[in-house]
Amino acid sequence: MPEDSILEVRGLRKVYRVRASRADPGPAGSALLGHPLARRQRARALVAVDDVSFSVAPGQSLAVVGESGSGKTTVARMVVGLERPTGGTIWVSGQERSWRHVTSRERRRRAREVQIIFQDPYSSLDPRMSVRGCLDESLRLHFDWGRERRDARVAELLDQVGLDRRQAESLPRALSGGQRQRVAIARALASEPRVLICDEAVASLDVSIQAQVLNLLSDIRDATGVSYLFISHDLAVVRQVSDNVVIMRRGRVVEAGPTASVLSDPSNGYTKQLLAAIPRPGWKPTRSASPDES
Amino acid sequence: MARVEAPLVAPTEAPSRRRLDWVLVSTSSVIALLVIMAVFAPLLAPDDPNYANILATNQGPSAAHLLGTDSFGRDLLSRLIYGARLSLLGPALIIVIATLVGTALAILSAWYGGWFDRVASRVADILFAFPGLIFAMLAVAMFGPGLLAPVVALSISYTPYLMRVVRAEALRQRNLPYVAACYVEGLRVRTICTRHILRNVMPLLLVQAALSFGYALVDLAAISYLGLGVQPPTPEWGVMVSTGQSAILAGHPQESLLAGLMIVVTVVAFNLLGDRLATRQKGVVRA
């Protein structure tokens, strides 16, 4: 359907059925627990994402902004296939992605379109797998390459994310947070995706390293033409990296548009609140950030 | 005093504490010795363990019989050495079976959750409520005494112990973002479970297997002691504790005592090893 966009989301909706809270006097542990009637009474619907639509053009970046609990991470998880949408459609390069059941071959195909970088680089890497093992695993899966070709590609990926080739053999525990996040980025790039989702990808890093990683992401976009979907709560980061922005609150889109105009002239009250909540829109990453870290 | 200036080399990895761990070394060597004893019993034993010399019963230690003889005049040292075979084989089989089955069920439960997890966990709960020894006795009553029936029964009753511990850890691993990253990367579920989750629960698995080995050995020895397991005159430590009983009253405690000592040494070695492996793991920085 959508020709000019690489990622298109329309009417996306996610409803969770959650157990009633502890305040609810449910007959916990009673014989009724497994009874369908009892379950229906104790479960209630929680609308995490409600009618969210946006589109990302090739090489563009879109930021999804909102407070915690606004459903932005759920959107990311649905786009990447970790959660199934309750309703709505997701297209990636013109192909619908919101099928209910996915075979492992289909998952492998989709992996070459969309990849994700998680927030916490301390738990998003297998603690028992070396950097090379981690990247090589992805290359082996997606490409029919020989050992030498893969090794060359691993070295290339490490160069691209600014890691030393000596670090290829180290385990994540020997790396700093910023270095780990670089490994996570390299792993996401290994399958040569068209869209990269950054789920608060710099939120858990030191401010000085945030700037370096953001610059790295920007360089990668210039080099590969990948599109970004930034999930963030940090408006300073959003201002830096995104072309367009979607502001979410309680699962709904409250405002959307080009980043510059939304942030300089917000029309929605919530966006104004978000902007006012920044003490000072001070920090700005500079292009000349020193390359050494840790 | 002149000091040699060592060149400054920047450590590329975090400095690992690689001091020699004496508990680990000593327990593993005791276990290694026991295994060597069992494997090379025909070479190590000075005598035929089943050769009865009626003229030399209940002898004390001597040059001919280093640890003396039992009430049938058989060489005790040889019987203890040969006894290691069945005494270790039984628990080893139990632990191998229980570990394989328990781990497979645990990882499948952690991955798929839902009804599979619920059924597996409830069955495990039921097995927990059923004492392993009683279960083994029941098996002997049905299939007759010997090594096989108690081993199969105890394998079943040890499976939930391994499963419960491994499932909890596998569940924790399964919910870490690195597993989600593997999934997004397009890896097969089988690959994620074996190459990533299994590998990360492996240390815990080893601890649990080592600790369970001791308990399994005691349980099997108890079965043999009750006359339900391996039958005399086959040399086995539990059997020897039992057959040596009558000699104790006559003032010759060596058979029961030495066989019991072997059991204690083995169990303590495995428990200390398991315990040590567990504490070492806590020392390692996670993630």
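Predicted model: local features only at pLDDT ≥ 70, side-chain atom pairs only at ≥ 80, totals over all residues.
**View 1. The salt bridge between A:Arg132 and A:Asp151.** The side chains of A:Arg132 and A:Asp151 come together with a nitrogen-to-oxygen distance of 3.4 Å. Because A:Arg132 belongs to helix H4 (residues 131-142) of chain A and A:Asp151 to helix H5 (residues 147-160) of chain A, the pair ties together parts that lie 19 residues apart in sequence. A:Arg132 is partly exposed, at 21% relative accessibility, and A:Asp151 is likewise partly exposed, at 24%.

**View 2. The salt bridge between B:Asp21 and B:Arg276.** In this pair the closest N and O atoms are 2.9 Å apart. B:Asp21 sits in the segment before helix H1 (22-39) of chain B, whereas B:Arg276 is part of helix H11 (residues 254-283) of chain B, so the contact ties together parts that are 255 residues apart in sequence. With a relative accessible area of 9%, B:Asp21 is buried, while B:Arg276 is partly exposed, with a relative accessible area of 30%.

**View 3. The salt bridge between B:Arg280 and B:Asp21.** The side chain of B:Asp21 also meets that of B:Arg280, with 3.3 Å from N to O. This pair links distant parts of the chain, with B:Arg280 in helix H11 of chain B and B:Asp21 in the segment before H1 of chain B, 259 residues apart. B:Arg280 counts as partly exposed, at 38% relative accessibility.

**View 4. A network of salt bridges in chain A.** The residues linked in this network are A:Glu106, A:Arg109, A:Arg110 and A:Glu113. Over all chains, the count of salt bridges comes to 29.

How values were computed:
Residues numbered from 1 in each chain as written. Chains lettered and ligands numbered in written order. Heavy atoms only, no water. Salt bridge = Lys/Arg side-chain N within 4 Å of Asp/Glu carboxyl O. Helix = DSSP H or I, 4+ residues; strand = E, 2+ residues; numbered from the N terminus. Buried < 20%, exposed > 50% of the residue type's maximum accessible area, 1.4 Å probe, protein only.
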